[in-house]
Every structure is written in structure tokens, then in C-alpha cells.
Amino acid sequence: MDIQIIRNASPAAKPADEGKLGFGRIFTDHMFTMEWDREKGWHDAKIEPFGNLSIHPASTVLHYGSEIFEGMKAYRWADGRIVLFRPQENFARMNRSAVRMGLPELDPDFALRSLKELIKIDADWVPHGVGTSLYIRPFMIGDDEHLGVHSVQHVRYLVILSPSGSYYAAGINPVDIMIEDADVRAVRGGTGEAKCGGNYGASVRAGERAEQKGYAQVLWLDGVERKYIEEVGSMNIMFKIKGKVCTPVLNGSILPGITRKSILELLRSEGVEAEERRISLAELIDAAQDGTLEEAWGCGTAAVVSPVGHLAYEGKVYEINGAKIGPVTQHLYDELTGIQWGKRPDPFNWIVPVE
Ligand SMILES: *Cc1c(COP(=O)(O)O)cnc(C)c1O
């Protein structure tokens, strides 16, 4: 498929101070758009000026949440090259999300090619500062123009780009998290495995409650028994308990993170055992109490790894590793960011240059 290119005739000024980029507030000059319907399949691929969408008020996405998305980053290396980290994994996951939500799958090769074209056109927007990146948000919406609850007949796929600041502008500081035992994020058979908008809308309330009590994130429990650990905020979670790394096994309600997968592959390549298993809340609290919970960290594209300093549950607060980043967490951060920024070799071929 050809990509029609419509250049933005009035490009915006690039942010002057990369220290103030923040996250997800500034967008580049162009976006990628493509449409789908049952007859024609995917068609009308375009790179066009970034701008508001015109959307019918009865559009499926507005009423029934037919939406999926991805999140990844482009990194500018010291030699000027712009690279992606395992983008094929994102498009594979997006297709799994699409299947779950009754949305059409993308051709992953075309999705990657069109993403590269878009980034090349907006290459000047990829920031230069240490830790900064171009955040990439592909998303898909159902936009049938009628209100029946039914399989979608018309869909749009878009990619928008947002230069983003360093997640750790103030250094890697461990975060405090609260175990959430009222709201749940997802259940098996539901949409927890899919990166679909509704999961996030429904998680905001618990996040707000945690924030009011001074916690950065919530730790989600399983939606059935509320006995097992699932994720933290919108990151996967890992622990080092009695010298061993472990993370909740993908059970159908946990989002299969690419950072999670990369960490497991990295550790195993180093000969370090990393368990994927059910981890009960009781086990975690016991370990936190007797000091055998040696490290805890969240992992996801935004933060890479985010050490956990304190864990709060039922009015008690447990400190982990003296509320300092632990050696395994630091090692994983150094290795992954080293590969992402071209400062370390990439034995896994995870890096995909934008060319
Ligand atoms: C995106 C996401 C993650 C992390 O996935 P990555 O591919 O590592 O960025 C984890 N949990 C949830 C709920 C997510 O939405």
C-alpha cells in the first residue's frame, strides 16, 4: 500500500527547553492515519498534518469503547541515529488486542514501515537530551456511525508522536505503592491482556485514592480471589524474594509487557533464574515482614524499571531494601537503557534503526 504524504505547511516551533518536555503533552507536526472497512480492508494510508479529528457523535468508540493502543519509544543515539526497541513486539501485541476487541488486525510489516516513514518526516522532533525520547502512540478506534452494539464495520488507525522528557529527570527514586483490595483492574476472560482504553479509564479511581494517601501507584490483585499479585499501575511487577527473581505468570488478566519479556530474556541469558508463577499477597507480605523481600520493581516502556521503596497494605507500611534501588533493579535499568541508547551491545537484536 502507498502512503500519501501531505506536508504540514505551518510546522510548529520545536520545544526550546527539553528539560520541560514532560510526558504526552506536546505533539509533532504530522500523524499517520489509515481507514478500514469490511469491503476494502485497510486503505487510505496517509501521513498528514497533526490536528483534530472529525468524528460522528454516534461513533462506536465514543459509546462502547472500541479502542486499543500501543506505547513505544524512539531513541536518538549519540551518533544521531534514531532507533526503536522491539517494535515488532508492539505490533504483534496490538494485533492480539485487536482480536480481543473485535477490531481488524494490521499488517505488522506495513505498520512498522509506516511508523518509520512518519518518524523520518518528524525526525527533528526526536529530542537530544539524556533520557529523552519520542513517545509513539499507535491506536485504533471503531467509528461506525450508528448506535447498535455490534461488530464494527468502520475503523481508523492512527499514530501520533510526542517528544517526552526523561522519566527520571530527578534521578531514580523508589516509589511508594499501595495494595488495592477494592477495585480490580481486570479478570481472566475480560480485557486485561489487551491494551484497550477501557482498562485505563476504570483504573483511575484507585489511582486517585492512592495518590490522596501519598502513594504513586496501586498494586493490583487478581480480580477473582484478590489473593494474587498482578501488576502495579500500568506496569508489570517483579520481585526478588530469598535471592530469586519472580514475576506473576501471565494468566489472562495481566498485560504481557515487552519490558517484562525483555527482562526475563536478559536475566535468563545471564544464567539468572527468573520465575513466572503465581505470587500470593500472603507470600509477599510475609516476605516484606521478615526481610526476605529484597527488591521490588515495576517495569514498562515509560520508566523501564521503577524501584518500589514502600508497600502499604491494611494500614501497615513495609520498607523494601531501605527504600533504595537494589542491585538487580539497577543492573536491569543499566542493561536495558544501555541497549536502548546504544551504549551497550545488543546481543538480542532488539534494536531496529529508523531507516
Ligand atoms: C503497557 C502496559 C504494561 C507494560 O508494557 P510494556 O510493553 O513493557 O510497555 C504493563 N501493564 C499494563 C497494564 C500496561 O498497559
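**Terms and their grounds**

Author: A backbone N or O atom of Ser234 lies 3.5 Å from a nitrogen atom of the ligand. The protein covers 96% of the 380 Å² of accessible area that the ligand has on its own, with areas from the Shrake-Rupley method and a 1.4 Å probe. This is a predicted model, in which local features need pLDDT of at least 70, side-chain atom pairs count only at pLDDT 80 or more, and totals for chains, interfaces and linings use all residues. Residues are numbered from 1 along each chain as its sequence is written, and side-chain values use heavy atoms, without hydrogens and water.

Reader: Why is Asn251 called partly exposed?

Author: Its relative accessible area is 23%. Buried means under 20% and exposed over 50%, with partly exposed in between (1.4 Å probe, protein chains only); Asn251 is therefore partly exposed.

Reader: What makes the pairing of the Asn251 and Glu230 side chains a polar contact?

Author: The separation is 2.7 Å. A polar contact is a pair of N or O atoms within 3.5 Å; within protein, one must be able to donate a hydrogen and the other to accept it, and residues adjacent in sequence count only if both atoms are side-chain atoms. The pair therefore falls within the limit.

Reader: How do you know that Tyr64 is partly exposed?

Author: Tyr64 has a relative accessible area of 39%, so the label partly exposed applies. Tyr64 is found in helix 1 (residues 60-64); helices are DSSP runs of H or I with at least four residues, numbered from the N terminus.

Definitions and conventions:
Helices (H or I, at least four residues) and strands (E, at least two) are DSSP runs, numbered from the N terminus.
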